[in-house]
Every structure is written in C-alpha cells, then in structure tokens.
Amino acid sequence: MTVVNGVNKVRLPPSARTVLNLLEDGEPRTFKDMTEVAEIAPRTIRYALKRLKENGYIIEKFNFRDARQVLYQKKILIEDSSEAATA
C-alpha cells in the first residue's frame, strides 16, 4: 500500500478524505465554507473534522475576523517534508 501524506496509515472515512482535500492548499477555512464547497451534509463534515483532529491532520485556529467561527487548517506533518526530500 502506498502512503500518501500519511493518510493511508489511519483508516479515514471518505468524508474525512474529502475535507482533507479541501484543506490541501493550506488556507484556513470555516465550517460554513467547507459545507458550501464540499456539498456534504453538515453533520458528516462535523464528524470528518472530528476524525481528522483526533488523528492530528488538522488544527483549529481562532478566527480574528469573526470570533463565533473556528478556522480549520491542514497541519503540516513532518513526514510530508521528509518524504518530499527523499523523492
């Protein structure tokens, strides 16, 4: 099995992979942004975010523009940079 960004080491549901792909560009996004773009039910995105956070793939950030919303961003993994260096 090929490991891509360490995601295949942990069994993630398809919804979590979709959300992770949304965050691939490194830009922080709100929950609302993700529900609009992904066209997935909000409950499913909430579960995907929970799984990604538990496994250390994303981080939550404080939103200075609107403190009522949380920003989610892909966490830069050490494995990513070491694999890129050897490739």
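Trainee: Which residue in strand 3 is the bridge partner of Thr 30?

Mentor: Heads-up first: this is a predicted model, where local features need pLDDT of at least 70, side-chain atom pairs count only at pLDDT 80 or more, and totals for chains, interfaces and linings use all residues. Residues are numbered from 1 along each chain as its sequence is written, and side-chain values use heavy atoms, leaving out hydrogens and water. Strands here are DSSP E runs of at least two residues, while helices are H or I runs of at least four, each numbered from the N terminus. In strand 3, Thr 30 bridges to Leu 71.

Trainee: How many of the 5 residues of strand 3 are buried?

Mentor: Buried means under 20% relative accessible area, exposed means over 50%, and partly exposed is in between (1.4 Å probe, protein chains only). Strand 3 is largely enclosed by the rest of the structure, because the buried count among its 5 residues is 4.

Trainee: Is Ile 59 buried, partly exposed or exposed?

Mentor: Ile 59 is in strand 2. Not counting residues up to four places away in sequence, Ile 59 touches Leu 71, Tyr 72, Gln 73 and Lys 75, where contact means heavy atoms within 4.5 Å. With a relative accessible area of 33%, Ile 59 is partly exposed.

Trainee: What share of the contacts with a separation of 6 or more comes from residues 24 or more positions apart?

Mentor: Pro 13, in the segment before helix 1, gives a local example: Pro 13 and Arg 51 are 38 residues apart in sequence, with 8.6 Å from C-alpha to C-alpha. Leaving aside neighbours within four places, Pro 13 is in contact with Tyr 47 and Arg 51. For the protein, the share from residues 24 or more positions apart is 49%.

Trainee: At what angle do helix 1 and helix 3 pack?

Mentor: Axes are lines fitted to C-alpha atoms, for helices over the stretch in contact, and angles run from 0 to 180 degrees between N-to-C directions. The axes of helix 1 (residues 14-22) and helix 3 (residues 42-54) are 8 Å apart, and the angle is about 80°.

Trainee: And how does that contact divide by residue class?

Mentor: Among the residues that meet are Val 19 and Leu 20 in helix 1, with Ala 48 and Leu 52 in helix 3. Ala, Val, Leu, Ile, Met, Phe, Trp, Tyr, Cys and Pro count as nonpolar, Asp, Glu, Lys and Arg as charged, and the others, Gly among them, as polar. The contact of helix 1 with helix 3 divides into 7 nonpolar, 2 polar and no charged.

Trainee: How are helix 1 and helix 2 oriented: roughly parallel or roughly perpendicular?

Mentor: Under 35 degrees counts as roughly parallel, over 145 as roughly antiparallel, 65 to 115 as roughly perpendicular and the rest as oblique. Helix 1 and helix 2 pack at about 110°, with axes 11 Å apart. Thr 18, Val 19 and Leu 22 in helix 1 meet Met 34, Val 37 and Ala 38 in helix 2. The two helices are therefore roughly perpendicular.

Trainee: Near what value is phi of Glu 39?

Mentor: Most residues other than glycine have a negative phi. Glu 39 is in the loop between helix 2 (31-38) and helix 3, and is exposed, with a relative accessible area of 72%. Its phi is positive, near 55°.

Methods:
Pairing = 2+ DSSP bridges.
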